[in-house]
Amino acid sequence: MGLFGRTQEKPPKDLINEWSSKIRKEMRVIDRQIRDTFESMEDGEDMEEAAEEEVDKILFDITAGALGKAPSKVTDALPEMEAQGATAASEDESEEDIEEMQSRLAALRS
């Protein structure tokens, strides 16, 4: 012991060994966490596929098999239809709006 009660420090080799042991433990914990994460991600895909199969089964049961007979996609194009009454009314309204705006602009100028 010295004058101030200071104890003998550990040799550098022991300090390095303690430090490296601590780092190795931390690395093992991180490795376990990463492996658990990847395993849970793989399980999630399996669960998603199983859920999708169950939904398909229920839809098949509800529709009494009619859903399975339906085509997977529709290839027919929808016919184009124009609403004649709606376009005529909107043209009249737009002309009225333009006239109103022009009168308001004229009032502001004077």
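A salt bridge is counted where a side-chain nitrogen of Lys or Arg lies within 4 Å of a carboxyl oxygen of Asp or Glu. The model is predicted, so that local features need pLDDT of at least 70 and side-chain atom pairs count only at pLDDT 80 or more, while totals for chains, interfaces and linings use all residues. Residues are numbered from 1 along each chain as its sequence is written, and side-chain values use heavy atoms, with hydrogens and water left out.

By this rule there are three salt bridges. Arginine 35 pairs with aspartate 31, with 3.3 Å between the closest N and O atoms. Both residues belong to helix α1, four residues apart, or about one turn of the helix; helices (H or I, at least four residues) are DSSP runs numbered from the N terminus. Arginine 35 is exposed at 53% relative accessibility, and aspartate 31 is partly exposed at 35% (exposed means over 50% relative accessible area, buried under 20%, partly exposed in between; 1.4 Å probe, protein chains only).

In the salt bridge of glutamate 54 with lysine 57, the closest N and O atoms are 3.7 Å apart. Glutamate 18 and lysine 10 meet in a salt bridge at 2.5 Å, N to O.

A nonpolar surface patch is formed by Ile30, Ile34, Phe38 and Met41, with about 400 Å² of accessible area together. Such patches consist of residues with over 30% relative accessible area and no salt bridge, nonpolar side chains (Val, Leu, Ile, Met, Phe, Trp, Tyr) being joined within 5 Å and like charges within 9 Å. Areas come from the Shrake-Rupley method with a 1.4 Å probe, and for residues only the protein chains shown count as cover. Methionine 41 is located in helix α1 (residues 12–62).

Note on methods:
Helices (H or I, at least four residues) and strands (E, at least two) are DSSP runs, numbered from the N terminus.
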